[in-house]
Amino acid sequence: MSAGTFVPAPGAAPIGRMILTQAGLETRMLLRNGEQLLLTVIIPSVVLALFSAVDIIDTGAGERVDFLAPGALALAVMATSFTGQAIGTGFERRYGVLKRLAASPLPRWGLMAAKTLSVLVIQLLQVVLLTAIALALGWSPHGNPLAVVLLLLLGTAAFSGLGLLMAGTLRAEATLAAANLVFILLMVAGGVMVPLSKFPDGVRTVLEYTPIAALSEGLRDVLQHGASMPWGAAGVLAAWAVVGLAAAARFFKWE
Amino acid sequence: MQQHPPAVEVAGLVKRYGTKTAVDGLALSAAHGAVTAVLGPNGAGKSTTIEICEGYRPADAGTVRVLGLDPAADGAALRPRIGVMLQSGGVYPSARAEEMLRHMARLHAHPLDVGELIERLGLDSCGRTPYRRLSGGQQQRLALAMAVVGRPELVFLDEPTAGLDPQARRATWELIRELRTDGVSVLLTTHHMDEAEQLADEVAIIDAGRLVVRGTPEELCRGGAENTMRFSGRPGLDLASLLKALPPETAAIELTPGAYRVAGTIDPELLATVTTWCAQNGVLPEQMTVERRTLEDVFLELTGKELRS
């Protein structure tokens, strides 16, 4: 390096470039992480393929894959937006990554936008993969694709808010444990693999208001039963999104 | 030459955590285009002060101006103009060294050439290594590279050479000197007094959240306490006869058999008196050294010798 190399020439890159480069880095970090891939890719795929092919659980009337495919899509959204994001962001906070980025030209809202973009990219890959597996297993989806997209986006917002709330308030290890526990509980009891009708009435009413049940039942209404737009499920997801994102914005600690 | 306002100007700064006062009316300034070193025992308030300047936390009282801006209110305008090196961390564990540096470069409008910077800091052999597998020294150098890659006007370096081997330390010093030559203002904290003596145009010693003293390293070392000279010779010399020849206020002791120390105002005259006395006693003084007061001596005098938690 020659004399004059370090002569100051400060300035932020254009905001669009900052967000895209950040989203690219976040996506590469997610794809490079083996545990995350297990959670986001392998588990939903296995749930879909195994329980569709083998008669282990009673999924009610109709083809098993028609019941399971919407559940697997909901599970994929929860894995990426909630569990993956909570754990990833929790450790970024622990390792000072968030702190370092907070001193960079990238504004905080830009970092959040990049994280959202990266979550959406991963979920797009998941949807493509799960759709391919389901179609190979004889899935016959119905309904309005726009309603499906809207539900997936509302689910992403709801789970992201809750995931970031957890990441920004708990210690990284606590987040790791709690996010995995919640994932397993909601996978079993959230209408993903087991129909909610199998649960006692009182429990079922509570479960219906969880974001995972709203998302999997909402997707099922459209994809399995051909409903145009399940407003009830959309409303539950929207409410979780507002509460979760507002609480995350209020309580998130960057260090 | 154009007159620049200070890069950092802090007055009456107060920061409390609960009932503990971390910074207690601190005054600090860092001149434009200079290297300013902040020294202080652990818990003196160095990191808190720097983090307030970086915009990480608000002050409870006092004024803070960084490049003329208030970091709490004008963070968005300030951040592109500063470079920050944290004491540790700051990188995704699975990010590769070069990948992370390229990423930081892309967040800036006119970054340095990443390849050259990597080579310059000796990171070329580990450019593809994930951060978590870098050695401590490599992690430090990457953090330094991340602080300068955006061509900032001012860099904050929190203990930039902690844990570095002597070669890497020298390379870091060289880079800091070059930053200064090119007109970048540097505010650093360190526990290495020799680092402050080597690099700093101005040193500020803080303790218990207050400024204790500031000045150039020369100014701080010149004033106050005495200097010492040491020599070795035959054990058991009659120091009483030496003391008679020396000015009052001078002390001479035999530290260990054959190792002597004279403390006082060591000037050429005194040196001549000692060597003459040695000649009269048939002693060849070996390993004769005159020790200037070091910054470390000043530091310990001002902040005490007891351990800090």
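The model is predicted.

Begin with α3(A) and α5(A). They pack at an angle of about 155 degrees, and their axes are 10 Å apart. That angle is over the 145-degree cut-off, so α3(A) and α5(A) are roughly antiparallel to each other. The crossing of α3(A) past α5(A) is right-handed. Which residues of α3(A) meet α5(A)? On the α3(A) side they are A:Val65, A:Ala69, A:Ala72, A:Leu73, A:Ala76, A:Val77, A:Thr80, A:Ser81 and A:Gln85. Their partners in α5(A) include A:Lys115, A:Val119, A:Ile122 and A:Gln126. The contact of α3(A) with α5(A) holds eleven nonpolar residues, five polar and one charged.

Helix α5 of chain A, residues 108-136, also meets helix α2, residues 34-53 of chain A. Their axes come within 10 Å and cross at roughly 25 degrees. That is under 35 degrees, so α2(A) and α5(A) run roughly parallel to each other. The crossing of this pair is right-handed. From α2(A), the contact draws on A:Thr40, A:Val41, A:Pro44, A:Ser45, A:Leu48 and A:Ala49. From α5(A) come A:Ile122, A:Gln126, A:Leu129, A:Leu130, A:Ile133 and A:Ala134. By type, the residues of this contact are nine nonpolar, three polar and no charged.

Now return to α3, residues 64-94 of chain A, and its packing on α6, residues 145-169 of chain A. The axes come within 8 Å and cross at roughly 25 degrees. By the 35-degree cut-off, α3(A) and α6(A) are therefore roughly parallel to each other. α3(A) passes α6(A) in a right-handed crossing. Among the α3(A) residues in the contact are A:Ala74, A:Met78, A:Phe82, A:Gly90 and A:Arg93. α6(A) contributes residues including A:Gly155, A:Phe159, A:Gly163 and A:Gly168. The contact of α3(A) with α6(A) counts eleven nonpolar, nine polar and one charged residue.

Residues 37-57 are 81% helix and 0% strand, and their end C-alpha atoms are 25 Å apart. Residues 69-91 are 100% helix and 0% strand, with end C-alpha atoms 31 Å apart.

Turn to chain B. Its division gives domain 1 (8-222) and domain 2 (227-292). The C-alpha centres of these two domains lie 44 Å apart.

Finally, look at where the chains meet. In this interface, 35 residues of chain B are in contact with 29 residues of chain A. Which elements give two or more residues to the chain B side? They are α3 (97-106), α4 (114-120) and α6 (166-181) of chain B. The largest share, three residues, comes from α3(B). The residues of chain B that touch chain A divide into 16 nonpolar, nine polar and ten charged.

Methods
Residues numbered from 1 in each chain as written. Chains lettered and ligands numbered in written order. Predicted model: local features only at pLDDT ≥ 70, side-chain atom pairs only at ≥ 80, totals over all residues. Helix = DSSP H or I, 4+ residues; strand = E, 2+ residues; numbered from the N terminus. Contact = placed C-beta atoms within 7 Å. Nonpolar A, V, L, I, M, F, W, Y, C, P; charged D, E, K, R; others polar. Domains from an automatic or database assignment. Axes fitted to C-alpha atoms, helices over the stretch in contact; angles between N-to-C directions. Parallel < 35°, antiparallel > 145°, perpendicular 65-115°, else oblique. Left-handed = near helix turned anticlockwise from the far one by under 90°.
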